[in-house]
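Hi everyone, thanks for coming. Let me put the structure up, and then we can walk through its side-chain contacts together.

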Amino acid sequence: MALYHKAHRTVLRITGEGALQFLHDILTADCLSVSAGEMRQSCLLSPQGRILAEMILYPNSPDDVYLDIDTSQAEETVKKLRLYRLRRPLTLSHEEDLHVIACLDEVPALADITFVKDTRHEAMGYLALIPQSQLATLSFAPYEDYLARRFSLALPEGPLELTPNRALMLEAGLDLIKAVDFKKGCYIGQEVTARTHYRGLVKKRLLPVIAPHLAAEMPLMSNGKTIGTVHHAAPHNGQMIGLATLKLAAVHDILDGTASCEAEGASAEIALPDWMPPLPKPDDKTAD
C-alpha cells in the first residue's frame, strides 16, 4: 500500500447556512450533487472564462465544506470567496492542521482515517484529509509516482498545469470529468465556457506527452514549428511524462502519422489515455 502526501495543497473550510449552495453559484461544477463522503473537482473562473484557481470539494453537509487547493492560490482564493459571499453568513478559514494524502490502490485500512473515492478516474484511487498528528505516523512513497499516474490520465491540478488567467476549462479537458456542468445555470465565467462548448471552439488541449527529457515551459516542436508547451513533468519508466498544451490541428497530424513531435530534438509521444473520447478536429479557420 503506497501513500502520497500532497504537501503542496492547502485545506480551506467554508461553514454557515448554504455554504455548498454558495459554491454551486460561483464555481464551475454541480456542487449540489456532491454528497458527504464524496469529492468533486471544480474551478473558480474570471468573468472572461479563464481559470483563476482549481480546487477539490469535500462536503460534510450543505453547511460545511472543505476545499483542497494549491497552497500558492489559497490566500487569493479566500479573498475572492469573501468578496463574492456578500452578506451571506459564511465563515471561511484555513485549516492549517489538515493535510491531503492520496492512495492509488485499494482503500487503506488505517484507523481514524476516512478515504474518499477520487471520482476523476478509477485509477486515481482515494483521497483523505488528515491532521498533522496522524501525518507524522505514516510513511509516504515518492510523490513523483503519483504525478506520473495523474499525468498519464490527463488530469490537471493547480497553477503549474492550469495557468491562472490563461487556461480554459475545455482546453484542459475538465468538462470530461464533471468539473464543469453545462446544465446548472449561471456561474462566474459561464457565458464564455458555454459558448466555447456549444460552438466547438476548442483549438488546443492539455495532453500527456512522454519523452526522454521534459521540463516546465519546454516547447514541443513539429516540422520546425512550436505546437505546444510543457507545463509539468515527472519521471516515468526511465523517461519523463508531462502535461502539455498542444494545438489540436498538429495533434491530429501526429496521431495520423503525417507529422512527428519532438522535445529538445528527441522524439516525443502524445500518449492519449484510453478513457478519453476522440479529440475534436478544429476547422482550418480556427486551428492556429
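Let's start with the rings: Tyr4, Tyr143 and Tyr146 make up one aromatic cluster. Before I go on, a word on the source: this is a predicted model, where local features need pLDDT of at least 70 and side-chain atom pairs count only at pLDDT 80 or more, while totals for chains, interfaces and linings use all residues. Residues are numbered from 1 along each chain as its sequence is written, and side-chain values use heavy atoms, with hydrogens and water left out.

For aromatic pairs, the rings of Phe, Tyr and Trp (its six-membered ring) need centres within 6.5 Å; planes under 30 degrees apart are stacked, over 60 edge-to-face, and the rest tilted. That rule gives three aromatic pairs. One of them is Tyr4 with Tyr146, a tilted pair at 5.7 Å centre to centre and 40 degrees between the planes. Tyr4 sits in strand β1 (residues 3-5) and Tyr146 in helix α4, so this pair ties together parts 142 residues apart in sequence. Helices here are DSSP runs (H or I, at least four residues), as are strands (E, at least two), numbered from the N terminus. Tyr4 and Tyr146 are both buried, meaning under 20% relative accessible area, with exposed being over 50% and partly exposed in between (1.4 Å probe, protein chains only).

Now to the charges. How many salt bridges does a search of the whole structure find? It finds 12, counting a side-chain nitrogen of Lys or Arg within 4 Å of a carboxyl oxygen of Asp or Glu.

For contrast, look at Glu122 and Lys117, a salt bridge with its closest N and O atoms 3.5 Å apart. Here Glu122 counts as exposed, at 62% relative accessibility, and Lys117 as partly exposed, at 23%.

That's my tour, and I'm happy to take questions.
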